[in-house]
Every structure is written in structure tokens, then in C-alpha cells.
Amino acid sequence: MPLSELRLIKRWEPFVPQEDVLRVPRGLRSIYVLYRYRRKTGAYNVVYVGMARGHKTGIRSRLKSHRLKKKALWTHFSVFEVWDNIREHEVIELEGLFRQIYGRDQRASELNRQRSLKKLKRVPRILARR
């Protein structure tokens, strides 16, 4: 298997149909995205961004849980597996960053409008506030 050229992401799988959740290997540590596919436009709209740290549960378990609780809200998912040397807090930071990006998008699902990354609020701003 060729090595990834990316520092954080080891492997990925984009736009997988919901029914293929069980094909995902157990125990993967990753960031994942749930989408709702719109056949009319061919768009994959983001519904939710989440993570699986891999200690007790991996991405497969998280996706199975979403299928049970929120099956009608999403149709596809993408998985971004992190390298083994990526620490837990780095995975949390990645997830928080993605949630920050989608957090105020009017089209984003209510599922995605949850907790923000508290540490990001303490990071110095680029532009001085007036």
C-alpha cells in the first residue's frame, strides 16, 4: 500500500453509501462526515462532522450508532483516518475546526450546530478588533 503524502491523514474513503457502514474496518481513529445526497442537484450536503478516537470505539461503531438514531437524515459518509502517531487531542482539534467551519452555515444540519472548540476561542485573532 502506498504511503500518504499528508501529515495528518493516513487513508480516506469519500462519499460511501450508508448501507456500506459494515465494510469499514473496526477500531479506526478518524474524522468522519455525514452527507445527505440530493439526486436532483448531485450535491452531497454536509449533515454532521464527527470523530472517533479509537480507544473504546472506532469509526464503524460511531457510524452504526448514527444509522440507528439518525438514519433518515443522511445517505452517505466520508472517513478520514489519522496516522497512528496523531494524538487524541489533535483528532479533537481537527473535529473542532471542521465544526467551526460549518457551525453557522444556514444550510448545515442542526446536528452539526453543537459544541464548538473552546480552545479555538482562546487562540489569538489575526485581525485586531475595533
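**View 1. Arg87 and Glu90 form a salt bridge.** The closest N and O atoms of Arg87 and Glu90 are 3.8 Å apart. A salt bridge here is a side-chain nitrogen of Lys or Arg within 4 Å of a carboxyl oxygen of Asp or Glu. Glu90 is buried, with a relative accessible area of 18%. Buried means under 20% relative accessible area, exposed over 50%, and partly exposed in between (1.4 Å probe, protein chains only). The model is predicted: local features need pLDDT of at least 70, side-chain atom pairs count only at pLDDT 80 or more, and totals for chains, interfaces and linings use all residues. Residues are numbered from 1 along each chain as its sequence is written, and side-chain values use heavy atoms, with hydrogens and water left out.

**View 2. The protein chain as a whole has three helices and four strands.** From the N terminus on, its elements run β-β-β-α-β-α-α. Helices (H or I, at least four residues) and strands (E, at least two) are DSSP runs, numbered from the N terminus. Buried residues make up 34% of the 130 residues. Among contacts with a separation of 6 or more, 71% come from residues 24 or more positions apart; contact means heavy atoms within 4.5 Å. The chain exposes about 9,600 Å², and carbon and sulfur atoms supply 53% of that area. Accessible areas come from the Shrake-Rupley method with a 1.4 Å probe; for residues, only the protein chains shown count as cover.

**View 3. Strand S4 pairs with S1 and with S2.** S4 covers residues 76–82. Six of its seven residues are buried, so the strand is largely enclosed by the rest of the structure. Strand S1 (residues 9–17) runs antiparallel to S4, over six bridges. Strand S2 (residues 30–38) also pairs with S4 in the antiparallel sense, over six bridges. Two strands pair if DSSP finds at least two bridges between them. His76 of S4 is the bridge partner of Pro17. Tyr35 also stands opposite His76.

**View 4. Arg11 and Glu81 meet in a salt bridge.** The closest N and O atoms are 2.6 Å apart. This pair links distant parts of the chain: Arg11 sits in strand S1 and Glu81 in strand S4, 70 residues apart. Arg11 is partly exposed, at a relative accessible area of 35%. Glu81 is buried, at 7%. Side chains of opposite charge can pair when their charged atoms come close.

**View 5. Asp20 and Arg23 form another of the four salt bridges in the structure.** Their N to O distance is 3.7 Å. Arg23 counts as exposed at 67% relative accessibility. Asp20 counts as partly exposed at 22%.

**View 6. Trp12 and Phe80 belong to the aromatic pairs, of which the whole structure has seven.** The pair is stacked, with 5.8 Å centre to centre and 20° between the planes. Rings of Phe, Tyr and Trp (its six-membered ring) pair if their centres lie within 6.5 Å; planes under 30 degrees apart count as stacked, over 60 as edge-to-face and the rest as tilted. Trp12 lies in strand S1 and Phe80 in strand S4, 68 residues apart. Trp12 is exposed at 52% relative accessibility, whereas Phe80 is partly exposed at 22%.

**View 7. Tyr32 and Tyr48 form a tilted ring pair.** The ring centres are 6.1 Å apart and the planes stand at 40°, so the pair is tilted. Tyr32 is in strand S2 and Tyr48 in strand S3 (residues 43–52), 16 residues apart. Tyr32 is buried at 0% relative accessibility. Tyr48 is buried at 7%. Lys70 lies over the face of Tyr48, at 5.9 Å from the ring centre. A charge sits over a ring if NZ of Lys or CZ of Arg is within 6 Å of the ring centre and within 35 degrees of the ring normal.

**View 8. Strands S2 and S3 form a hairpin with four residues between them.** S2 and S3 pair in the antiparallel sense over nine bridges. Ser30 stands opposite Ala52 in S3. In the hairpin, Gly42 takes a positive phi near 75°. S3 is mostly covered, with seven of its 10 residues buried.

**View 9. Phe15, Tyr35, Tyr37 and Tyr44 make up an aromatic cluster.** Ring pairs link these residues. Tyr35 is also the residue opposite His76 in S4.
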